[in-house]
Amino acid sequence: MEVPPRQSISDALCTAADQALRTLFVQPRSTEPSPATAEEHRQSLSPEDRHLSGALMRVNHVGEVCAQALYTAQALAARTGRHPNEALARQLEAAGREETEHLAWTAQRLDDLDDQPSRLNPLWYAGAFGIGWLAGRVGPGVSLGFVVETERQVEAHLAGHMDRLPINDHASRAVVAQMARDEARHAREAEHAGAKPLPAPVKGAMRFAARIMTSVAHRI
């Protein structure tokens, strides 16, 4: 198998900075159509249901902002560590590009619901980037293990949203269902690539941080 050429450290930093700016300040574009059909986008919801769906989709959008930060930081760590791993960096970037679809879908759904993304997105991005960087610096197995645990927790989080979304909000439910399937696949791919299980305290800390983020993003 041909080994991909290694990026220079300066190029890797520029790539990470570009990705951060695109995530936070550029309207995301999807290469795949949203799982919600055009008819579902136009469906009418009561004010109460619209408000609830908007809050839940804002949380999901924040999760995708954090996913971009995590994958970008882990790819940067893979390239700039003591033993650079360009193949791992490219695998992480490929997963990040797939998560961009989710970012675009949730942003579109927020627009449909006349709601707004979290005003704290730069803060969420910075925090997730720092966590991803630390995980990536430990080593490939831990970095991939962090991907597995993150995706498993997101999958459970999305299942909870399926229970909470208004039953007649078919558009949001279709988006969340497809996101959950994609997250499960990302976790399987990371496991097959050599992920190492994370210690229980680390998993618990990740769940605690996620609860804080989702509680705040639900409102702001």
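What separates Tyr125 and Phe129 in helix H5? Because they are four residues apart in that helix, Tyr125 and Phe129 are separated by about one helical turn. The views below show a predicted model, in which local features need a pLDDT of at least 70 and side-chain atom pairs count only at pLDDT 80 or more, while totals for chains, interfaces and linings use all residues. Residues are numbered from 1 along each chain as its sequence is written, and side-chain values use heavy atoms, with hydrogens and water left out.

View 1. Helices are DSSP runs of H or I with at least four residues (strands are runs of E with at least two), numbered from the N terminus. The structure holds one aromatic pair, and since the ring centres of Tyr125 and Phe129 are 6.3 Å apart with their planes at 20°, this pair is stacked. Rings of Phe, Tyr and Trp (its six-membered ring) pair if their centres lie within 6.5 Å, and planes under 30 degrees apart count as stacked, over 60 as edge-to-face and the rest as tilted. Tyr125 is buried at a relative accessible area of 5%, whereas Phe129, at 21%, counts as partly exposed; buried means under 20% relative accessible area, exposed over 50% and partly exposed in between, with a 1.4 Å probe and protein chains only. An α-helix has 3.6 residues a turn, so residues three or four places apart point the same way.

**View 2. Trp124 and the largest nonpolar core.** A nonpolar core is a set of buried Ala, Val, Leu, Ile, Met, Phe, Trp, Tyr and Cys residues joined through side-chain atoms within 4.5 Å. The largest one has 17 residues, of which Val62, Trp124, Phe146 and Ala217 touch the most other members. At least two residues of this core come from each of helix H3 (47-80), helix H5 (121-138) and helix H8 (200-217), and H3 gives the most, with six residues. Leaving aside residues up to four places away in sequence, Trp124 touches Val62, Cys66, Ser118, Met213, Val216 and Ala217, where contact means heavy atoms within 4.5 Å. A second, separate core has 14 residues, including Leu56, Met57, Leu158 and Val175.

**View 3. The lining of the largest pocket.** The largest pocket holds about 840 Å³ of space, and of the 36 residues that line it, Thr150, Val154, Met206, Ala210 and Met213 lie nearest its centre. Two or more lining residues are given by each of H3, H5, helix H6 (140-164), H7 and H8, with the largest share, ten residues, coming from H8. On a 1 Å grid over the protein atoms alone, a pocket is an open set of points where a 1.4 Å probe fits, with protein on both sides within 12 Å along at least five of seven lines, and lining residues have an atom within 4 Å of a point. Grid points are joined across faces, edges and corners, and the volume is the space filled by probe spheres set on the points.

**View 4. Helix H7 and its residue Ser172.** The 23 residues of helix H7 (residues 170-192) should span 33 Å at 1.5 Å a residue, which agrees with the 33 Å between its end C-alpha atoms; the expected span is 1.5 Å times one less than the number of residues. After H7 comes Gly194, whose phi is positive, near 110°. Ser172 counts as buried at 0% relative accessibility, and, not counting residues up to four places away in sequence, Ser172 touches Ser53, Met57, Arg109, Leu113 and Leu165. Although Ser172 and Gly54 are 118 residues apart in sequence, their C-alpha atoms are 9.2 Å apart in space.

**View 5. Asp114 and Asp115 in the loop between helices H4 and H5.** Asp114 is exposed at 66% relative accessibility, while Asp115 is buried, with a relative accessible area of 17%. Most residues other than glycine have a negative phi, but Asp114, which is not a glycine, has a positive phi of about 55°. Beyond residues up to four places away in sequence, Asp115 touches His51, Gly54, Ala55, Arg58 and Leu110.

**View 6. Trp133 in helix H5.** Trp133 counts as partly exposed at 28% relative accessibility. Its contacts, not counting residues up to four places away in sequence, are Ala73, Leu76, Ala77 and Thr80. From C-alpha to C-alpha, Trp133 and Gln74 are 5.3 Å apart in space, and they are 59 residues apart in sequence.
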